[in-house]
Amino acid sequence: MAVHDDCKLKFLELKAKRTYRFIVFKIEEKQKQVVVEKVGEPTQSYEDFTASLPADECRYAVYDFDFVTAENCRKSRIFFIAWSPDTSRVRSKMIYASSKDRFKRELDGIQVELQATDPTEMGLDVIRSRAS
C-alpha cells in the first residue's frame, strides 16, 4: 500500500508546527494508497475529531492530545488511532489491519497507539489514561 506524500507532509505540520489538531487518513482501494481525508483545525475539540470518523468504515487517524500532568505541566501526546468499527466490511478491516504497521512507520513521532472498534474504546477517558 503506497502512502501519499501529503500524509507525511500534514503529519509533520501537526507534529512540528501544530497546524492541525487531528488528521483522518483513508485508504483509496482503487489507487492502492493512503490519502488524507480530513484535517482538524487546532481549535477543534476531541468531539469534533470523533465525529469526523465514519460510523461504519475503517480509518487511520492521528490526534494531538494536550493535557496537564499531576505536577501541573502542560504536555501533549500524538496518538495514532486505528479505527475499525465492527460494522465495517470484512475486506476493509483486513486491508486496514494489514497495512497499519507499514503506514505507521511512515509517520515518525507517534507516541501512543490505540485500536478502536467502537467509540467507547477511544473515549476521552481512555485517551487521558493512555497519555500519562
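Here are some questions and answers about the predicted model shown above.

This is a predicted model, in which local features need pLDDT of at least 70, side-chain atom pairs count only at pLDDT 80 or more, and totals for chains, interfaces and linings use all residues. Residues are numbered from 1 along each chain as its sequence is written, and side-chain values use heavy atoms, with hydrogens and water left out.

Q: In what order do the six strands form the open sheet?
A: Let's start with the terms: helices (H or I, at least four residues) and strands (E, at least two) are DSSP runs, numbered from the N terminus, and two strands pair if DSSP finds at least two bridges between them. The pairing is mixed, and the edge strands, β1 (2–3) and β6 (112–116), each pair on one side only. The order is β1-β3-β2-β4-β5-β6.

Q: Do β5 and β6 pair in the parallel or the antiparallel sense?
A: Five bridges join these two strands. Phe-79 has Val-112 of β6 as its bridge partner. The sense is parallel.

Q: How many bridges join β2 to β3?
A: These two strands run antiparallel and form a hairpin with four residues between them. Glu-28 stands opposite Gln-33 in β3. The number of bridges is seven.

Q: Which residue in the turn of the β2 and β3 hairpin has a positive phi?
A: Most residues other than glycine have a negative phi, and most peptide bonds are trans. The turn residue has a phi of about 50°, and its relative accessible area of 55% makes it exposed (over 50%; buried is under 20% and partly exposed lies in between, with a 1.4 Å probe and protein chains only). Another positive phi, near 65°, belongs to Asn-72 in the loop between β4 and β5. The residue in the hairpin turn is Lys-32.

Q: Which residue in β4 stands opposite Phe-25?
A: On this side, β2 and β4 pair in the antiparallel sense over four bridges. Phe-25 is among the residues with the most contacts inside the largest nonpolar core, and so is its partner across the strands, Tyr-60.

Q: How many residues does the largest nonpolar core have?
A: A nonpolar core is a set of buried Ala, Val, Leu, Ile, Met, Phe, Trp, Tyr and Cys residues joined through side-chain atoms within 4.5 Å. The elements that give two or more residues to this one are α1 (5–17), β2 (22–28), β4 (59–68), β5 (74–83) and α3 (90–106). A second, separate core of 18 residues includes Tyr-46, Ala-61, Ile-81 and Ile-127. The largest core has 19 residues.

Q: In which helix do Lys-10 and Asp-6 lie?
A: The two form a salt bridge (a side-chain nitrogen of Lys or Arg within 4 Å of a carboxyl oxygen of Asp or Glu), with their closest N and O atoms 3.5 Å apart. Lys-10 is buried at 18% relative accessible area, while Asp-6 is partly exposed at 26%. Being four residues apart, they are separated by about one helical turn of α1.

Q: How far apart in sequence are the parts that Arg-59 and Glu-37 tie together?
A: Their side chains meet in a salt bridge at 2.7 Å, N to O. Arg-59 counts as buried at 4% relative accessibility, whereas Glu-37 is partly exposed at 36%. Arg-59 lies in strand β4 and Glu-37 in strand β3, so the parts they tie together are 22 residues apart.

Q: What is the volume of space in the largest pocket?
A: On a 1 Å grid over the protein atoms alone, a pocket is an open set of points where a 1.4 Å probe fits, with protein on both sides within 12 Å along at least five of seven lines; lining residues have an atom within 4 Å of a point. Grid points are joined across faces, edges and corners, and the volume is the space filled by probe spheres set on the points. The lining includes Glu-29, Arg-59 and Arg-89, and β2 and α3 are the elements that give two or more residues to it. The space comes to about 170 Å³.
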